[in-house]
Amino acid sequence: MPDAIRVRELSKKLGNFTLGPIDMTLPEGCVMGLIGENGAGKSTLISLLTGLKHPDSGECVLLGESDWEKVREDVGIVLDIPGFPSSLTAAEIGTLVAPGFADWDAELYARYCREFALPEKTRFGKYSRGMKMKLSVAVALAHHPRLLILDEPTGGLDPVMRDEILDIFYEFIQDGSHSILISSHILSDLEKICDYISFIHEGKILLSDEKDKMKEEYGIFSGSKSRLESLGSAVKAVRETASVCEALVLREYCPEARPATLEELMVFLLRFGKGESL
């Protein structure tokens, strides 16, 4: 299976922050969720992937191309802070961006605008955050991309609309030739749609693997301190209170542990782990 995204030894220094070196692979036809706390480097990585920033070293290959200009029309982008002119309506934004894409589909764009209930006469600057994200998703999908790169695309949306947009993303990948990289703080959304998860902390990848494999491999133990101590190196992070002893553990060595959610995995590693790669 070819790769939609292949990142090798990618690094970028911005002031006191350094991203990388990053190694990451998204197979074609799959969805990868990018998780991590604020400031971990998710948006910087997305900026490097989409040509908004240039790496100090390393390589980004998207859809088999390392030259962003050769692949630009095949990538749909939704950024955390959409950059459309605040004075334009949805229709005017469609007219503005259409010449930049050979496969721009005005009918499809108009359909998404209707489905997302975007007001026809309201200027973009007057939109709520949720409305701005919905318009960005409509633009990203309207030029028939092969790859979507999404930075917090469901931020500011109510649960019903989030679920509807996730359904659209799910439909997008059904033919096996489309792929998605999605960064989100709403980990329940990623639980629903992602095949792979990459966890970034302080500019480094702590963990990158298939979601189901991660959920099978790591679990949450709750029990006695003596049992926890008997698990030895299978314990990856511990949270202790006066009444509770919980830990992130390797389930292979602790069959009584229940599967960890993505949120639990992230919280245990950041708050109670050592911040090291697993």
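## Briefing: helix packing, charged pairs and backbone features

Helices H5 and H6 are roughly parallel to each other. Their axes come within 12 Å and cross at roughly 10°, and an angle under 35 degrees counts as roughly parallel. The structure is a predicted model, and every value below was computed from it.

- Helix H5 covers residues 129-141, and helix H6 covers residues 159-172.
- On the H5 side, the contact is made by Lys-134, Val-137 and Leu-141.
- On the H6 side, Met-161, Ile-165, Ile-168, Phe-169 and Phe-172 make the contact.

**A buried acidic residue, Asp-151**

- Asp-151 belongs to strand S6, which spans residues 147-151.
- This residue is buried, yet Asp-151 has no salt bridge.
- The nearest side chain of opposite charge is that of Lys-42, 6.7 Å away; a salt bridge requires a nitrogen of Lys or Arg within 4 Å of a carboxyl oxygen.
- Asp-151 does have a polar partner: its side chain and that of Ser-43 are joined by a polar contact of 2.9 Å.
- Apart from residues up to four places away in sequence, Asp-151 touches Ser-43, Ile-46, Val-78, Leu-79, Asp-80, Met-133 and Ser-183.

**Salt bridges**

- Side chains of opposite charge can pair when their charged atoms come close.
- The model has 15 salt bridges in its count; examples are described here.
- Lys-12 and Asp-56 form a salt bridge through their side chains, with a distance of 3.8 Å from N to O.
- This pair links distant parts of the chain, 44 residues apart. Lys-12 is in strand S1 (residues 3-14), whereas Asp-56 is in the loop between helix H1 (42-49) and strand S4 (57-62).
- Lys-12 has a relative accessibility of 14% and therefore counts as buried.
- Arg-111 and Glu-115 also meet in a salt bridge, at 3.2 Å from N to O.
- Because Arg-111 and Glu-115 are four residues apart in helix H4 (residues 106-115), about one helical turn separates them.
- Arg-111 is partly exposed at 38% relative accessibility, and Glu-115 is partly exposed with a relative accessible area of 44%.
- Arg-162 forms a salt bridge with Asp-189, and the closest N and O atoms are 3.1 Å apart.
- That pair, too, joins distant parts of the chain: Arg-162 is in helix H6 and Asp-189 is in helix H7 (residues 187-193), 27 residues apart.
- Both partners are buried: Arg-162 has a relative accessibility of 15%, and Asp-189 has one of 2%.

**Backbone features**

- Most residues other than glycine have a negative phi, and most peptide bonds are trans.
- The peptide bond from Gly-20 to Pro-21 is cis, and its omega is near 5°. Pro-21 is part of strand S2, which spans residues 17-27.
- Leu-63 is not a glycine, yet its phi is positive, at about 55°.
- Leu-63 is located in the loop between S4 and helix H2 (68-71). With 13% relative accessibility, Leu-63 counts as buried.
- Ala-117 likewise is a residue other than glycine with a positive phi, near 55°.
- Ala-117 is placed in the loop between H4 and H5. At 59% relative accessibility, Ala-117 counts as exposed.

**A loop residue, Arg-72**

- Arg-72 lies in the loop between H2 and strand S5 (75-78).
- With a relative accessibility of 27%, Arg-72 counts as partly exposed, as the limits for that class are 20% and 50%.
- The C-alpha atoms of Arg-72 and Pro-145 are 9.1 Å apart in space, although the two residues are 73 residues apart in sequence.
- Setting aside its neighbours within four places in sequence, Arg-72 is in contact with Gly-100 and Phe-101.

How values were computed
Residues are numbered from 1 along each chain as its sequence is written. This is a predicted model: local features need pLDDT of at least 70, side-chain atom pairs count only at pLDDT 80 or more; totals for chains, interfaces and linings use all residues. Side-chain values use heavy atoms; hydrogens and water are left out. Helices (H or I, at least four residues) and strands (E, at least two) are DSSP runs, numbered from the N terminus. Buried means under 20% relative accessible area, exposed over 50%, partly exposed in between (1.4 Å probe, protein chains only). Lys and Arg count as positive and Asp and Glu as negative; His and the chain ends are not counted. A polar contact is a pair of N or O atoms within 3.5 Å; within protein, one must be able to donate a hydrogen and the other to accept it, and residues adjacent in sequence count only if both atoms are side-chain atoms. Contact means heavy atoms within 4.5 Å. Axes are lines fitted to C-alpha atoms, for helices over the stretch in contact, and angles run from 0 to 180 degrees between N-to-C directions. Angles under 35 degrees count as roughly parallel, over 145 as roughly antiparallel, 65 to 115 as roughly perpendicular and the rest as oblique.
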